[in-house]
Protein chains: 2
Amino acid sequence: MSDRLPLQVRSKVWLEIDGEPLLGSGREELLRLVRECGSINAAAAGMGIGYRKAWTSIDAMEKRLGFPLVTRQRGGRGGGESALTSEAVDLLERYDRLTEGVREEVDRKFAEIF
Amino acid sequence: MSDRLPLQVRSKVWLEIDGEPLLGSGREELLRLVRECGSINAAAAGMGIGYRKAWTSIDAMEKRLGFPLVTRQRGGRGGGESALTSEAVDLLERYDRLTEGVREEVDRKFAEIF
């Protein structure tokens, strides 16, 4: 069928709390970049979004979870240095384990079926 | 972690053509109900949406695919009888094979990891 049609498959896995989105691939990337870059500002730049938007996403997750994900040091250019809390590292690792292989499996099935 | 937090997992698999959504779980249900009910009107009612919205969804899929999915007989109350074309039945069956077990697998991993 995909010989004739330019069909593609997409898949998505995300976490919710009380029916509200908590963590999907976008926020996973944001937290991962905070960990790798040591700064919310650099993470935001890496994703091509503004600092304010990145900060709002992190704040929304923290409010929903009830614990901090990012230690923020305000001041200095770009808002200072930031690191993930151990709870954030734990959440990120579990999310990565959850999603690992799901897309590959869906893509493999798609190639087989279509 | 989900002992402490009311975390839930969500997952979604859908098809696209040229980067535009073609078929996901909502439209799958709509096509399946047209097949089962023999009428777009009854299918729309079964999903709690209006006839116009159902018709627009089907039309969008057909435009994107370039072939008909539903044979429509206009006239009569509720727009007459409708059936799926063999191409639609084929597409639906492939989509169902593609998505079968994906949610269960994600839910199983979630229960194990969180």
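Here is a friendly conversation about the structure above, in questions and answers.

Visitor: What kind of model is this, and how are its parts numbered?
Guide: This is a predicted model, in which local features need pLDDT of at least 70, side-chain atom pairs count only at pLDDT 80 or more, and totals for chains, interfaces and linings use all residues. Side-chain values use heavy atoms, with hydrogens and water left out, chains are lettered from A and ligands numbered from 1 in the order in which they are written, and residues are numbered from 1 along each chain as its sequence is written.

Visitor: In what order do the elements of chain A run from the N terminus on?
Guide: Helices (H or I, at least four residues) and strands (E, at least two) are DSSP runs, numbered from the N terminus. Chain A has 5 helices and 4 strands. From the N terminus on, their order is β-β-α-α-α-β-β-α-α.

Visitor: What radius of gyration does chain A have, beside that of a compact globule of 114 residues?
Guide: The radius of gyration is taken over C-alpha atoms, and the globule rule is 2.2 Å times the number of residues to the power 0.38. The C-alpha trace of chain A spans about 55 × 30 × 20 Å along its principal axes. A compact globule of 114 residues would come out near 13 Å, but chain A has 17 Å.

Visitor: What share of the residues of chain A count as buried?
Guide: Buried means under 20% relative accessible area, exposed over 50%, and partly exposed in between (1.4 Å probe, protein chains only). Among the 114 residues of chain A, the buried share is 42%.

Visitor: How many residues of chain A are in contact with chain B?
Guide: Contact means heavy atoms within 4.5 Å. On the side of chain B, 33 residues take part, and on the side of chain A the number is 34.

Visitor: Which three residues supply more of the area that chain A buries against chain B than any other three?
Guide: Buried area is the accessible area (1.4 Å probe) that two parts lose on being put together, summed over both. Between chain A and chain B about 3,200 Å² is buried, and carbon and sulfur atoms give 64% of that. On the chain A side, 18% is supplied by A:R10, A:R94 and A:I113.

Visitor: Is B:S57 buried or exposed?
Guide: B:S57 lies in helix α3 (residues 51-65) of chain B. Not counting residues up to four places away in sequence, B:S57 touches B:R27 and B:L30. Its relative accessible area is 15%, so B:S57 is buried.

Visitor: Which residues does B:P21 touch, not counting those up to four places away in sequence?
Guide: B:P21 has its place in strand β2 (residues 20-23) of chain B. This residue counts as partly exposed because its relative accessibility is 42%. With residues up to four places away in sequence left out, B:P21 touches B:L15, B:E16, B:R27 and B:R64.

Visitor: What is phi of A:D18?
Guide: A:D18 lies in the loop between β1 (7-17) and β2 (20-23) of chain A, and counts as exposed at 59% relative accessibility. Most residues other than glycine have a negative phi. A:D18 is a residue other than glycine with a positive value, near 50 degrees.

Visitor: And what is the relative accessible area of B:D18?
Guide: B:D18 sits in the loop between β1 (7-17) and β2 of chain B. Although B:D18 is not a glycine, its phi is positive, at about 50 degrees. B:D18 is exposed, and its relative accessible area is 60%.
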